[in-house]
Amino acid sequence: MIMIIANHKSNLLDSLIYLMNQEKYEYCLESHLNDINKDITAVICIDCKNDEIEKQLNNISIPVIFISDEKRKIKTNGKVNYVVTNLLNDEDNYTETQKEYLFKKGIYSNIINYINKFLNNDDNIDGLVIDTTLIKNIPNNWTFKFDSILETYNWISNKNKSGKKDFIKKEINFYNDKVYNDSSKEINYLMDKIMRIKDGMNMIDIFICTKDELNKYKNNYFFKSLLKNINSNYNMYYVNKEKLKNNEPDLLDKLLDGILIYEDCVYKDNYNDEYSLGTVNCNTNVVLEYNKYFDYILDRYGLKLNSDGDIDGI
């Protein structure tokens, strides 16, 4: 078990907890150094500017990782490695997905990767100082992608389960044989989506397609199942793709292969990426931008669907 010592909540502490959960480490949180029992295999100290804690560290023989905002030397009977970072002073209020980005790809990912190496420490490293104070904290691009299609589906499924129930999730769909093929991944995603709808998730689906593609949808299990589950909290709309392309081609290009708009991020499908199918952008300005696109398209081009008969009419 790993003991994490921190005297207050912080984004840095959250990143360590993220690491513990991702790597399935057993850990405990303490505000001071208690007696070390035999179950504790390492100690991580976050900004421990406390003479009493430093004295207690002198007497332990298990590995210590010391995180501070300046270089300091700590005496112990075991290995001690250091991470120097100005993230101790990071008090920004990030959204849930922004934190996920920072922990997966941003500056925090660098910190927790080093800490993970220190925890494993197969090379018996002792006394190494990692100084990250000159690294830029805030990224230029709040975009991340996934390592596999399965990870993409799992992320979307988990995201659909989170957030406020009264928030209206917005989705723009384009017809593509790669997706609407009644595959097992598609069916599993569909079942999860329908379960969320029946559980009260508020959602609007826009299907941007040609009339021929709309007729193909009629024979697709995924689409037919969604059509049967239209209710007070779930609505479907059709947008004529050819009309939108003729009138506003630049707007159509911004939608790529499909869009999911959540409270704090925008997921964009990209079927040319065979590994992950899409990317997530958690820039708050981008979220506002795509909400405007969605509302504009719905208001100007959207035709509401209620049954198969509506498709026959189109």
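**View 1. Strands β1 and β2 side by side.** Strand β1 (residues 2-5) runs parallel to β2, and four bridges join the two. One place to look is Ile 2, whose bridge partner in β2 is Tyr 27. Two strands count as paired if DSSP finds at least two bridges between them; the elements themselves are DSSP runs numbered from the N terminus, with helices being H or I of at least four residues and strands being E of at least two. Please keep in mind that this is a predicted model, in which local features need pLDDT of at least 70, side-chain atom pairs count only at pLDDT 80 or more, and totals for chains, interfaces and linings use all residues. Residues are numbered from 1 along each chain as its sequence is written, and side-chain values use heavy atoms, with hydrogens and water left out.

**View 2. The open sheet of six strands.** Follow the order β2-β1-β3-β4-β5-β6, with parallel pairing. The edges belong to β2 (27-30) and β6; each has a single partner strand, so one side of each lacks a neighbour in the sheet. On average, neighbouring strands here are turned by 15° against each other, direction ignored. Axes are lines fitted to C-alpha atoms, for helices over the stretch in contact, and angles run from 0 to 180 degrees between N-to-C directions.

**View 3. Helix α4 on the sheet.** Helix α4 packs on the sheet and touches β1, β3, β4, β5 and β6, while its direction makes about 180° with that of β5. Contact means heavy atoms within 4.5 Å. Among the buried residues of α4 are Ile 107, Tyr 108, Ile 111 and Phe 118, where buried means under 20% relative accessible area, exposed over 50% and partly exposed in between (1.4 Å probe, protein chains only). Their cover includes α1 (11-23), α3 (96-104) and β6 (129-131). The end C-alpha atoms of α4 (residues 107-120) are 21 Å apart, which agrees with the 20 Å that its 14 residues should span at 1.5 Å a residue; the expected span is 1.5 Å times one less than the number of residues. Just after α4, Asn 121 takes a positive phi of about 45°.

**View 4. Strand β9 and its two partners.** Seven of the eight residues of β9 (residues 202-209) are buried. Strand β8 (residues 168-174) pairs with β9 in the parallel sense over seven bridges, and Phe 174 has Ile 208 in β9 as its bridge partner. Seven bridges also join β9 to the parallel strand β10 (residues 234-240), where Asn 235 is the bridge partner of Ile 204.
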